[in-house]
Amino acid sequence: MKIRTLLIDGQWNLKRNFYKRKDLKTSTGHLCGGSFGFIDSLRAVSQKVLPDRIVVMWDGFHSGKFRYEIYPPYKANRNKDWEKTDKAIATDGLYNPQDLEKVEFLKQKIQIQNYLDELYIRQVEVDFIEADDLIAQYVLRSENDEEEIIIYSRDKDYLQLISDKVSIVTSDSAFMLNKREYESKNGHTIDNELLFKCFEGDSSDKIEGIKGINRETGAKGAQGNR
């Protein structure tokens, strides 16, 4: 019997809703854009996919720190003040005004995790590990041939995980991106996705690619060698 599993990148889903509905408040004046949007999008994607089970993956405490210590340019364009996060959590609300956004994000994340517990939805969070690594681990360790896995995220890093049993669905697409559609759209097999990613690098993570080689030139070379 086929089992359909929906894997949600919780950190991505919270961030996009948190900033999209930044000023949304409850009747008592508390900010709730991230938590409200998260649950609303969870409802929408569940109705679209109709999964048998849902697993939400979260960035763990100090996620990304291991990679940053190995490769300092990693996400160097983003805030790396882990100590400030420690302090914001430890002081339980006694924080500087400039830290308000970080603390509010953490508060809404905890709210959502409590809501998901009430809904009996599985969640995974591991210290120092990012949500995308947890999702990749789940996919790579899935040995059930009858399991169909659907990843809910717009992060293009997940494209390399697409296979005969893994598809991707986004918040702004009416269809799931599967292996056949990926190869039809890109003109090359899914096996080349990781290779092209290495060539391109990742500007959002401050990882440089190889100059003179991009996805378009690589795809033409692959087609020419057939």
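Helices α2 and α5 have axes that come within 8 Å and cross at roughly 35 degrees. Here helices (H or I, at least four residues) and strands (E, at least two) are DSSP runs, numbered from the N terminus, and axes are lines fitted to C-alpha atoms, for helices over the stretch in contact, with angles running from 0 to 180 degrees between N-to-C directions. Bear in mind that this is a predicted model: local features need pLDDT of at least 70, side-chain atom pairs count only at pLDDT 80 or more, and totals for chains, interfaces and linings use all residues. Residues are numbered from 1 along each chain as its sequence is written, and side-chain values use heavy atoms, with hydrogens and water left out.

On the α2 side you'll find Gly-33, Gly-34, Ser-35, Phe-38, Ile-39 and Leu-42, meeting Gln-108, Gln-111, Ile-112, Tyr-115 and Leu-116 of α5; contact means heavy atoms within 4.5 Å. Sorted by class, that contact has 6 nonpolar, 5 polar and no charged residues (Ala, Val, Leu, Ile, Met, Phe, Trp, Tyr, Cys and Pro count as nonpolar, Asp, Glu, Lys and Arg as charged, and the others, Gly among them, as polar).

Now for the other neighbour of α2. Helix α1 (residues 10-20) and helix α2 (residues 33-49) have axes that come within 7 Å and cross at roughly 120 degrees. The two are therefore oblique to each other (under 35 degrees is roughly parallel, over 145 roughly antiparallel, 65 to 115 roughly perpendicular, and the rest oblique). This crossing is right-handed. Among the contact residues are Asn-13, Leu-14 and Phe-18 of α1, and Gly-37, Phe-38 and Ser-41 of α2. The contact of α1 with α2 divides into 3 nonpolar, 8 polar and 1 charged.

What about aromatic rings? The whole structure holds 4 aromatic pairs (Phe, Tyr or Trp rings, the six-membered one for Trp, with centres within 6.5 Å; planes under 30 degrees apart are stacked, over 60 edge-to-face, the rest tilted). The rings of Phe-18 and Phe-105 have centres 5.4 Å apart and planes at 80 degrees, so the pair is edge-to-face. Phe-18 is in α1 and Phe-105 in α5 (residues 100-118), so the pair ties together parts 87 residues apart in sequence.

Finally, the sheet: 5 strands, open, parallel, in the order β3-β2-β1-β4-β5, where strands pair if DSSP finds at least two bridges between them. β3 (122-125) and β5 (166-169) stand at the edges with a single partner strand each, so one side of each lacks a neighbour in the sheet.

How values were computed. A crossing is left-handed if the near helix is turned anticlockwise from the far one by less than a right angle, and right-handed if clockwise.
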